[in-house]
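Subject: Structure for your review

Dear colleague,

Please find the structure below, together with its sequence.

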Amino acid sequence: MRAYDIIFKKRWNKILSSSEIDFMVKGFVKGIIPNYQMSAFLMAVAINGMNTDETLSLTKSFVDSGDIIDLSSIPGIKVDKHSSGGVGDTTTLIVAPIVAEAGISVAKMSGKGLGHSGGTIDKLESIPRFSTKISKNDFIKQVKDIGIAVVGKIGNVVPADKLIYALRDVTATVDSLPLIASSIMSKKIAGGADAIVLDVKVGSGAFIEDEEKVEKLAKIMVNIGKCFGKKTRSIITDMSQPLGNAIGNSLEVEEAIKILKGNGSQDLREVCINIAANMLLLGEKVEDLEEGIEITEEILTSGRGLDKFKQFISHQGGNSNIVEDISLLPKARYKDELVAKYNGFISKIDCKQIGIASIILGAGREKKEDIIDPSVGIVMEKRLGDNVKIKDKNCTIYGNDFSKIEEAKKILEKSVEISKKRVSKPILIKKIID
Ligand code: URA
Ligand code: CA
């Protein structure tokens, strides 16, 4: 087999066999296939796509490139969740303790920020002393003891994805359905859970903005999950504006605490309740979604979710006093505001640009090596459809560097539009695919 022939075949939109796909992935991970050939292959896939069997084969080759985490010693059905990437998506911090409190084990690997979208690991690491690096044995023991653990990485899971994603990122091949689906699903499958709830984002802050394409992605991923014997559901949720109000790591921890205390953004609360209820359903804790929603709401209102969050923080070495005293979280030195220039309604938010503004402040990385500033970020005071009056506060910007605050402010100014006409609020939960 030769890489050249496989690239040529895909370039002419022919169907590849599983051994051809495996040859490319294995060869690349071993360093036998150079970057330029893998780049050409990825571009051919991005342009011509892959059919169901090819996408499954690609996922399998990805999974086989590294370790598969064995969670079988943890009793019960282990349910994982995944977000396809968004801005201000604080859901894991809220959903994981709720689901654990309801009696379903959450043994979760999470990622760092990717492009304009934030990462759960960066958010958790903004909690003083919190460790996302624990050994596999400690990880499993913690889940057995308290029902929840969230780590960055256990073992060598899907090394192929890491290497290939780095190439996709610089070759304009990120937004390809088979490449996204295999990237996400291989990591979930190798993560060892029995069931997976996928929160697939649509809108200006998502990796894919087009609703039809997103639905296709959601279906492809559900099919992959099922073919690997995992109960899988996709929930398509709105990302036409940041989720909740806060974007930025410690700001989002603060936001998660608010929700767990029964306050906070109604949008974020609704999405969290829906994801948690679906996880309880797949975990066979409840008979239907309504019952899942009921249990979730009870856990939120009673404060049991908050107690579980505290326990989770202290088990991973973090200072759980942050829950009572928010001032213990890292705080930015300066803040600035963006105010409305006209009376009207918030008609459009360029969500991706808001993610980029938060990166400029230091909440995300421009280059892989960059170090996150946990204290900085943006709080969106107004949401799509909200009525605003001239000089009303639209966003608060938190930063540690005046020039960066100015730069972020310029982006934000261009990213929020106000119209005279009333506009409706976006539907949050667009579709469930199972
Ligand atoms: N998230 C991933 O993990 N992979 C992708 O390709 C896109 C989003
Ligand atoms: Ca948020």
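In what follows, two residues are said to be in contact when heavy atoms of theirs lie within 4.5 Å of each other. Please bear in mind that this is a predicted model.

I begin with I208. This residue is found in the loop that runs between strand 4 (195-202) and helix 10 (211-227). Once the neighbours within four places in sequence are set aside, the contacts of I208 are D175, L177, I180, K201, V202, G203, K213, V214 and L217. A195, by contrast, lies 13 residues from I208 along the chain, and the C-alpha atoms of the two are separated by 24 Å.

I turn now to the salt bridges, of which the structure holds 29.

The side chains of K10 and E54 form a salt bridge, with an N to O distance of 3.1 Å. K10 belongs to helix 1 (residues 3-11) and E54 to helix 4 (residues 52-64), so this pair ties together parts that are 44 residues apart in sequence. Both K10 and E54 are buried.

A further salt bridge joins the side chains of K26 and D22, at 2.5 Å from N to O. Why are K26 and D22 separated by about one helical turn? The reason is that they stand four residues apart in helix 2 (residues 18-30). K26 has a relative accessibility of 38% and therefore counts as partly exposed.

D267 and R383 also meet through their side chains in a salt bridge, the N to O distance being 2.9 Å. D267 lies in helix 12 (residues 266-282), while R383 lies in the loop between strand 9 (377-380) and strand 10 (387-388), so the pair ties together parts that are 116 residues apart in sequence. The two partners fall into separate accessibility classes: D267 is partly exposed, with a relative accessible area of 21%, whereas R383 is buried, with a relative accessible area of 10%. The cut-off matters for this pair, because a residue counts as buried under 20% and as partly exposed between that value and 50%.

Finally, a network of salt bridges links D80, K108 and K188.

With kind regards

How values were computed
Residues are numbered from 1 along each chain as its sequence is written. Chains are lettered from A and ligands numbered from 1 in the order in which they are written. This is a predicted model: local features need pLDDT of at least 70, side-chain atom pairs count only at pLDDT 80 or more; totals for chains, interfaces and linings use all residues. Side-chain values use heavy atoms; hydrogens and water are left out. A salt bridge is a side-chain nitrogen of Lys or Arg within 4 Å of a carboxyl oxygen of Asp or Glu. Helices (H or I, at least four residues) and strands (E, at least two) are DSSP runs, numbered from the N terminus. Buried means under 20% relative accessible area, exposed over 50%, partly exposed in between (1.4 Å probe, protein chains only).
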